[in-house]
Amino acid sequence: MNEEQRSRLLECSSHFLPPKGVKLSYGTAGFRADATLLKSTVYRVGILAALRSLKTQSVIGLMITASHNKVSDNGVKIADPNGGMLSQHWEPFADSLANASDPLQLLQLIDDFVGKESISFDNDHPTEILLGRDTRPSGETLLEAAKQGINSIIGAISYDMGILTTPQLHWMVRSRNMGNKSTEHDYFQQLSHSFRCLVELIPYGNKASNSDKVVVDGANGVGGDKLEVLRDLCGGILIEVRNSSKGEGVLNEGVGADFVQKEKVVPSRFGPSDVGLRCASFDGDADRLVYFLLQPDSKMIDLVDGDKMLTLFALYIKEQLNALNDNEIGKPGNPYHPRLGVVQTAYANGASTAYLKNLGLDVAFTPTGVKYLHEKASEYDIGVYFEANGHGTILFSDTVLSWLEARKIELSSSDTGSESQKAVLRLLAASKLINQAVGDALSGLLLVEAILLHTGWSIQTWNDLYKDLPSRQLKVKVVDRTAVVTANAETSVVQPAGIQEAIDTETGTEDVIRVYAEATTQDEADSLANGVAKLVDQYLGSGSSQ
């Protein structure tokens with residue numbers, strides 16, 4: 001790093017001093033806090049994004065959003081070259097960068113890290129960062145701070161992509177680095193074209209049997225606005241959008257996927273007239289999706305969550321792969337059979353896991369966190385992952401996509417109109433419809449709707465595939481949450497010694513431990529959760545469960 005670069009960093013960072021007494025940590029969601037505390041942090045993440053672009057010699061994304069948090073909060077996170085989350089290897093540097101107390105310490109941190117990572121400032125590859133933000137009032141000011149951070153690195157260029165859903169920005173970064181078109185228009189065109197392809201391949205008669213509209217809660221955020229654009233491009237799909245950002249509601253207040261999934265109650269602007277309709281909710285930045293049914297004469301709902309979406313997607317893909325495998329029977333040689341897997345966390349409802357295993361599917365578990373799910377899903381030819389909160393996607397490996405393209409060519413000349421050919425076309429369309437960079441409420445909703453049309457199922461039929469086990473989730477305040485060491489994808493406790501045995505007897509960023517319990521009745525689930533919470537309090541110290 002030459003003197004000109006050092007001087008620019010010192011001069012620019014002197015205008016973005018961090019607030020005293022605030023310590024932030026970069027997690028799965030990046031940095032999040034009250035928006036008034038974030039200007040310095042976002043500036044510094046702009047620097048990080050430029051350094052990440054220099055290191056990878058790729059386009060990087062920077063998104064300003066706090067997702068399902070309240071409107072007064074905001075946040076910032078990085079999209080890596082593949083459209084995924086920032087490499088875990090860089091997270092400690094992000095923490096140090098955000099919490100450096102003054103410009104000199106900041107410069108020293110950057111200098112040390114650049115040396116350790118062998119980041120060159122003298123390569124010919126452009127340093128490009130795509131910027132996006134959601135609809136929060138604080139977004140525009142924080143975006144300017146990000147631009148200043150990027151401009152602190154000589155030669156770095158930022159492109160303001162406007163107000164976007166988080167998944168749109170991730171998609172753009174992945175697409176740009178693959179050498180493909182990557183504007184918002186291209187995103188809409190790819191999703192709408194893929195959806196129309198799937199609809200055209202629906203078995204005769206099924207489309208007419210499930211033509212009811214879907215009513216979508218946009219969380220008073222960006223997702224509802226984007227869905228209205230996408231709906232008009234899809235042709236014929238019946239979608240009614242409520243709680244868009246153009247209304248009078250407050251972002252994520254009494255609305256949205258997080259509210260609906262956790263509280264299991266009807267969101268704002270939904271009522272008795274919606275009983276029997278297929279309803280869905282996005283979160284504030286549209287990277288989560290849940291469906292729900294209103295119960296008659298009640299404010300409660302039947303939740304159709306991420307576990308149910310994972311099941312629907314896995315069933316559909318399995319059906320298409322079975323059609324292809326049937327076509328391979330009797331052929332000489334050793335035909336290729338793609339490996340399909342589903343990935344869940346310990347928070348997945350046990351009934352969903354049992355159902356998936358009974359279908360003969362390969363079910364894997366990871367620790368909680370999208371980065372772990374995504375990594376595990378990428379080990380399969382086709383990997384489907386979802387958290388119960390509605391965040392997830394489907395990953396198609398390069399190997400399986402190449403195989404599908406080859407089968408498409410082969411079948412177009414030898415078996416036109418066959419079920420095998422249709423299965424290939426459906427899988428290829430699904431791979432383009434789903435956002436393989438990250439969970440995406442827009443693409444997820446379109447894929448759900450296409451599959452329900454394909455099967456002719458109502459939302460009730462889908463929801464009745466299996467019955468969720470009653471569950472309860474609690475938080476227990478403890479002195480030090482790091483004192484708990486887990487194993488087997490967070491399904492058992494190794495430390496403190498003795499707590500797992502006590503729990504077995506019972507059964508089965510804050511310093512809190514989350515307790516998730518399932519049983520055959522709600523009363524039993526509540527009792528089990530409370531019993532385990534008391535044990536955690538007994539072993540780990542002060543606080544009360546909630």
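How do the axes of helix α2 (residues 39-56) and helix α3 (residues 91-99) cross, and within what distance do they come? The axes come within 9 Å and cross at roughly 140°; axes are lines fitted to C-alpha atoms, for helices over the stretch in contact, and angles run from 0 to 180 degrees between N-to-C directions. The model is predicted, with local features needing pLDDT of at least 70, side-chain atom pairs counting only at pLDDT 80 or more, and totals for chains, interfaces and linings using all residues. Residues are numbered from 1 along each chain as its sequence is written, and side-chain values use heavy atoms, with hydrogens and water left out.

The crossing of α2 past α3 is right-handed, that is, the near helix is turned clockwise from the far one by less than a right angle. On the α2 side, the contact (heavy atoms within 4.5 Å) is made by Thr41, Arg44, Leu48 and Leu51, and on the α3 side by Phe93, Ala94, Leu97, Ala98 and Asn99. By class, 6 nonpolar, 2 polar and 1 charged residues form the contact of α2 with α3. Helices (H or I, at least four residues) and strands (E, at least two) are DSSP runs, numbered from the N terminus.

Strand β3 (residues 73-79) is largely enclosed by the rest of the structure, because 7 of its 7 residues are buried (under 20% relative accessible area, 1.4 Å probe, protein chains only). Asp73, Gly75, Lys77 and Ala79 point one way from β3, while Asn74, Val76 and Ile78 point the other way. Strand β3 pairs with β1 (residues 31-34) in the antiparallel sense over 4 bridges, where pairing requires at least two DSSP bridges between two strands. Asp73 in β3 is the bridge partner of Asp34. Strand β2 (residues 60-64) also runs antiparallel to β3 and is joined to it by 4 bridges, with Ile64 opposite Val76.

An open sheet of 4 strands, with mixed pairing, has the order β12-β11-β13-β14. Strands β12 (362-365) and β14 (392-396) stand at the edges with a single partner strand each, so one side of each lacks a neighbour in the sheet. The twist averages 20° from one strand to the next. Strand β11 (residues 340-344) runs parallel to β12, and 4 bridges join them; Phe365 in β12 is the bridge partner of Gln344. Helix α13 (residues 370-377) packs on this sheet and touches β11, β12, β13 (382-386) and β14. The direction of α13 makes about 160° with that of β13.

Note on methods: Buried < 20%, exposed > 50% of the residue type's maximum accessible area, 1.4 Å probe, protein only. Nonpolar A, V, L, I, M, F, W, Y, C, P; charged D, E, K, R; others polar.
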